[in-house]
Amino acid sequence: MFINIHTHFQLYDANIELVNLNMDSTVKANHYSYGLHPWHLDKTTYEEQLAKLKIVAHEKRCLAIGECGLDKISKTDFDFQTEVFIEQIKIANEINKPLIVHCVKAFNELINCLNLNDNTVPVIVHGYNNNDNIARVLVNQGYYFSFGKALLGYESNAAKAIRIVGRKNFFLETDDSDLSIKYIYKKAAELLGIDEEIIKQQIQSNFETVFKTTL
Ligand SMILES: [Zn+2]
């Protein structure tokens with residue numbers, strides 16, 4: 001079975017696609033995540049959006065909160081990003097659903113926010129393409145990784161990181177690209193030097209652990 005842990009579109013290309021819905025999506029996918037992205041925060045509407053998130057988060061098909069997180073390159077004021085991220089950590093912990101995290105150049109702040117708010121839900125750092133040292137720090141925190149199109153880049157950070165994070169700690173995704181998740185699986189198998197079937201089984205088992213389900 002193929003699982004795409006983070007896509008912005010229902011692609012009908014995997015057995016499970018966790019579609020990242022945005023705030024104005026009206027069509028709901030079979031499985032989705034829902035959250036306030038740090039790029040699109042607005043001081044005049046965020047309270048209303050958080051209230052909406054609290055409702056949607058309870059829906060059965062809403063499997064995770066996100067993508068949400070911290071981005072030091074974004075124009076959005078960082079303190080404001082932090083405030084809204086903390087609200088989402090609280091919601092995820094109240095309802096006990098995983099967080100899908102977007103993090104750019106703010107990994108220390110990410111860890112602090114999660115730890116200071118007593119986070120206990122699984123954290124999936126999506127679109128991971130950072131160096132080995134950061135990967136090790138995140139592994140020590142028990143976070144999960146999701147790798148996507150960066151795996152395709154020759155000797156990319158993602159391609160190196162997937163070798164060190166351990167098979168129990170990762171997922172694969174297509175994010176906002178129109179690549180096939182099958183191609184990402186193939187590339188991951190190649191990088192790890194193992195059979196694609198083993199990756200499929202491992203990711204299925206990782207999914208069952210994180211989402212407390214049996215597939
Ligand atoms: Zn995304």
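This is a predicted model: local features need pLDDT of at least 70, side-chain atom pairs count only at pLDDT 80 or more; totals for chains, interfaces and linings use all residues.
Trainee: What is the strand order in the open sheet, and is the pairing parallel or antiparallel?

Mentor: The sheet has 8 strands in the order β1-β2-β3-β4-β5-β6-β7-β8, and the pairing is parallel.

Trainee: Which strands stand at the edges?

Mentor: Those are β1 (3–7) and β8 (170–172). Each has a single partner strand, so one side of each has no neighbour in the sheet.

Trainee: By how much are neighbouring strands turned against each other?

Mentor: The average is 25°, with direction ignored.

Trainee: How many bridges join β3 to β4?

Mentor: There are 3 bridges between β3 (residues 31–34) and β4 (residues 62–71), and the two strands run parallel. For Tyr-34, the bridge partner in β4 is Ile-65.

Trainee: Which strands does helix α2 touch?

Mentor: Helix α2 (residues 78–95) packs on the sheet and touches β4 and β5 (99–104). The direction of α2 makes about 155° with that of β4.

Trainee: Where is Ile-73 found, and is Ile-73 buried or exposed?

Mentor: Ile-73 lies in the loop between β4 and α2. Ile-73 is exposed, because 10 other C-beta atoms lie within 10 Å and the cut-off for exposed is 12 or fewer.

Trainee: Which residues is Ile-73 in contact with, neighbours within four places in sequence aside?

Mentor: The contacts are with Val-104 and Lys-105. As for Ile-86, which is 13 residues apart from Ile-73 along the chain, the two C-alpha atoms are separated by 19 Å.

Trainee: Turning to the helix pairs, at what angle do α4 and α5 pack?

Mentor: Helix α4 (residues 132–140) and helix α5 (residues 157–165) pack at about 35°, and their axes are 9 Å apart. The crossing is right-handed.

Trainee: Which residues meet there?

Mentor: From α4, the residues are Asp-132, Ala-135, Arg-136 and Val-139; from α5, they are Lys-160, Ala-161, Ile-164 and Val-165. By class, this contact has 5 nonpolar, no polar and 3 charged residues.

Trainee: How are α6 and α7 placed relative to each other?

Mentor: The axes of α6 (residues 181–192) and α7 (residues 196–210) come within 9 Å and cross at roughly 110°. The two helices are therefore roughly perpendicular to each other.

Trainee: Which residues make that contact?

Mentor: Helix α6 contributes Tyr-185, Lys-186, Ala-188 and Ala-189, while α7 contributes Glu-196, Ile-199 and Lys-200. The contact of α6 with α7 has 4 nonpolar, no polar and 3 charged residues.

Key. Residues are numbered from 1 along each chain as its sequence is written. Axes are lines fitted to C-alpha atoms, for helices over the stretch in contact, and angles run from 0 to 180 degrees between N-to-C directions. Helices (H or I, at least four residues) and strands (E, at least two) are DSSP runs, numbered from the N terminus. Angles under 35 degrees count as roughly parallel, over 145 as roughly antiparallel, 65 to 115 as roughly perpendicular and the rest as oblique. Two residues are in contact if their C-beta atoms, placed from the backbone, lie within 7 Å. Ala, Val, Leu, Ile, Met, Phe, Trp, Tyr, Cys and Pro count as nonpolar, Asp, Glu, Lys and Arg as charged, and the others, Gly among them, as polar. A crossing is left-handed if the near helix is turned anticlockwise from the far one by less than a right angle, and right-handed if clockwise. Two strands pair if DSSP finds at least two bridges between them. A residue is buried if 20 or more other C-beta atoms lie within 10 Å of its own, exposed if 12 or fewer, and partly exposed in between; C-beta atoms are placed from the backbone.
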